[in-house]
Amino acid sequence: MSKIRVYDLAKKLGKSNTEMVELLTGLGISIKSHMSSIDEGLVPMVEESLNKAQEEASRQEIEAISTYPTVAVKDGASVSDVAALAGEKAGSAVKALMMEGLMLPATTRADEKILQILGKTFKKNFVFASEAPAQAPTKEEPAPAGDAVETVEAEPVEAPAQQPREEAPKQVSHKKLKAKDKKKKGRQDGDGELQPRPPIITVMGHVDHGKTTLLDNIRKTHVTEKEAGGITQHIGASRVEYNGNTLVFLDTPGHEAFTSMRARGAQVTDIAVLVVAADDGIKPQTVEAINHAKAAGVPIVVAVNKIDKPEAKPERVRQQLSDYGLVPEEWGGDTIMVDVAAKKGLHVDDLLEMLLLVAEMQELKANPKAPPSGTVIEANLDKGKGPVATVIVQEGTLHRGDIIHTGSAWGKIRAMIDDKGRNVNEAGPSMPVEVLGLESVPQPGEKFTTLSSEREARELISQSEFERRETDQSKAKRLTLEELYEKMQTEEIPQLRIVLKTDVQGSLEAFHSSLMKMSTDAVSINIVHEGVGRISESDVMLASASNAIIVGFNVRPDSNAKKIAENEGVQIRLYQVIYDMLDDVKAAMEGMLAPELREHTLGQAEIREIFRVPKVGNIAGCRVTEGLIRRSAKVRLIRDGVVFWSGELSSLKHFKDDVREIKAGNECGLSFEKFQDFRVGDVVEAYEILKEKKSLD
Ligand code: GDP
């Protein structure tokens, strides 16, 4: 009887691998993991049991959700906005998302998936305002009085007409209501031109764990016969075919290249393969790689390598990885781990299969008809060919003859060479190509776009030269501890990101826990990476890419790290006494707090008479009864004890003169910004808004 892989079955039946493993085990079918196979004959039984379970689950889910109050969420709301709507902390939302495998900052714009997860967590039926059925927010929920769960006021619903990007809002909301069956239908792609694109993959891990061997094996064995002619062309990235699908691997393994690109604002990697040698386990660079990938929000697939070695302990690797938050699927987590022996090519196919699976879940798409753009991944000056750059196309299709521009370089593409050494005339999304014809050598990590004329290119280059010099000047002070808060104030909950390095493990733990204890609801502390030992180049690059500062205890940066920190404008703070560090961090956090706004009452006046001035309008003749009235003040008009208008003054006069302020006991003429409907007897209250610095305690 033929067999079927558990993950294939899971895919076929629309279940996650973990769910399928649980289901099969529950049915008494003995399997080890989603990589195991079962007899095809068992499939109908599995399907039947699944249908029953699904019916029950969806009945329960619908029952549960229908008791949740509906809460409208504005388009563009962030994760922390959504949490706030439910009266919850942003931190709880981030944690809930993390539990579902989404490592996202609280400032991330919420999408449907996020709403679904947060809805479940906070017991709310979140719907986007633009998609909410008109009657939904008004439908009173039968929430028991005094219950902690209350219907949160819906934000004003924006008229669908104001949303050009959704062509058929009615249809969308209809579909959404029906979409209780959870089937992830393809997103409405606006212009409908989005096409699936191959995933771009970076291999990371500790030195000697087999990154190069793995890449070599993949490249050697998965290039189709007819292409094999010029296989060895190194252009910086390689395309590999597996089961009729394409995968693109960046040739330079390790996280240095990955992070230095990210520090320049470029992210080309969709998936990181973390190679861990089963005979060696987790090493410092493994941890670095994990943190770098996490900081970039790139999903990790683990290749547990060298399992051919007698001393290999793949289970121990899984255990160790779990301590770093990577819990294998077969243990109920959501990290895919594949045992391989790269040298012999053992199970490398399974790894590729898994990479395609992850890619599929990411729904990677690009529009081949969009204006071409992408990122430079390698560049150098070739004696014969002149400036040579390898670019990865991320949107659109690049053609020979196009004029491209990268910020520091430009040129008309004379030739394009693919990773098999062939001349090509065009390159679509995710395709790496070497381009010839540039006027100078661009920087790796720079983005490219195309232009319509050479003149435009020349103008842009001189413009961006100028801008670069400007940013270079501001860069050095951009990330100092004292000034970090300016940047942070744009974030919902300011976050102080720290790369922590100490001399010994004991002090690392002490620093870590004291720092984490300082995290508050108002400012959170995020240790993006920590480790024992000197501050390295890699630490600096991570700090730069994540906008973090580096805190070192009894350690020093090496000279290279120091140089790069200066170039990148990354601040390194060195301490010998833990309390000094805590004081500094606290000061920085307080600096990051948005000032508290407080109202300060200035005074009151009473309207005694109304003058009608032609062309100017009505002027209120007043007497200041308390304090003073200032021209710059904000005012409220109070009639019969009720505020019926508030706004600003448009003039303040003492007899015929404009004055800046006027004190109690004096007469004055007031006019109001865009308001004339006042009466004799109304009271004018003047006040100012003061900003007060908040402190943490
Ligand atoms: P990198 O530094 O991570 O790129 O590691 P390399 O690919 O250079 O591999 C380091 C060493 O481990 C080399 O001697 C490889 O031959 C060896 N190696 C890599 N993969 C395997 C494997 O699957 N099994 C065994 N036994 N050795 C391997």
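This is a predicted model: local features need pLDDT of at least 70, side-chain atom pairs count only at pLDDT 80 or more; totals for chains, interfaces and linings use all residues.
Residues are numbered from 1 along each chain as its sequence is written, and side-chain values use heavy atoms, with hydrogens and water left out.

**View 1. Surroundings of the ligand.** The ligand is surrounded by 15 residues, a residue being counted if one of its heavy atoms lies within 4 Å. The closest are D208, K211, T212, T213 and D308. The shell comprises three nonpolar, six polar and six charged residues; Ala, Val, Leu, Ile, Met, Phe, Trp, Tyr, Cys and Pro count as nonpolar, Asp, Glu, Lys and Arg as charged, and the others, Gly among them, as polar. Helix 8 (residues 211–221) gives the most to this shell, with three residues; helices (H or I, at least four residues) and strands (E, at least two) are DSSP runs numbered from the N terminus. An oxygen atom of the ligand lies 2.8 Å from a backbone N or O atom of K211. A polar side-chain atom of T213 is 2.5 Å from an oxygen atom of the ligand, and an N or O atom in the side chain of N305 is 3.2 Å from an oxygen atom of the ligand. Of the 580 Å² of accessible area that the ligand has on its own, the protein covers 76% (Shrake-Rupley method, 1.4 Å probe).

View 2. T502 is buried, with a relative accessible area of 0%; buried means under 20%, exposed over 50% and partly exposed in between (1.4 Å probe, protein chains only). Its side chain reaches the backbone nitrogen of L508 at 3.3 Å. Not counting residues up to four places away in sequence, T502 touches S507, L508, F511, G531, V532, G533, F553 and V555, where contact means heavy atoms within 4.5 Å.

**View 3. H529 and its partner N291.** H529 belongs to strand 23 (residues 524–532) and is buried, at 4% relative accessible area. The side chains of H529 and N291 are joined by a polar contact of 2.7 Å, that is, a pair of N or O atoms within 3.5 Å, one able to donate a hydrogen and the other to accept it, with residues adjacent in sequence counted only if both atoms are side-chain atoms. Beyond residues up to four places away in sequence, H529 touches residues including V287, E288, I498, L500, D539 and L542.

**View 4. Helix 16 and its cover.** In helix 16 (residues 537–546), nine of the 10 residues are buried. Helix 9 (255–263), helix 10 (284–296), strand 22, strand 23, strand 24 (549–553) and helix 17 are among the elements that cover these buried residues. Just after helix 16, N547 takes a positive phi of about 55°.

View 5. In helix 17 (residues 559–568), the buried residues are A561, I564, A565 and E568. Seen down the helix axis, these fall within an arc of 105°, so they line one face of helix 17; the arc is that of the directions from the helix axis to the C-beta atoms. The face turned away from the buried side carries the exposed residues S559, K563, E566 and N567.
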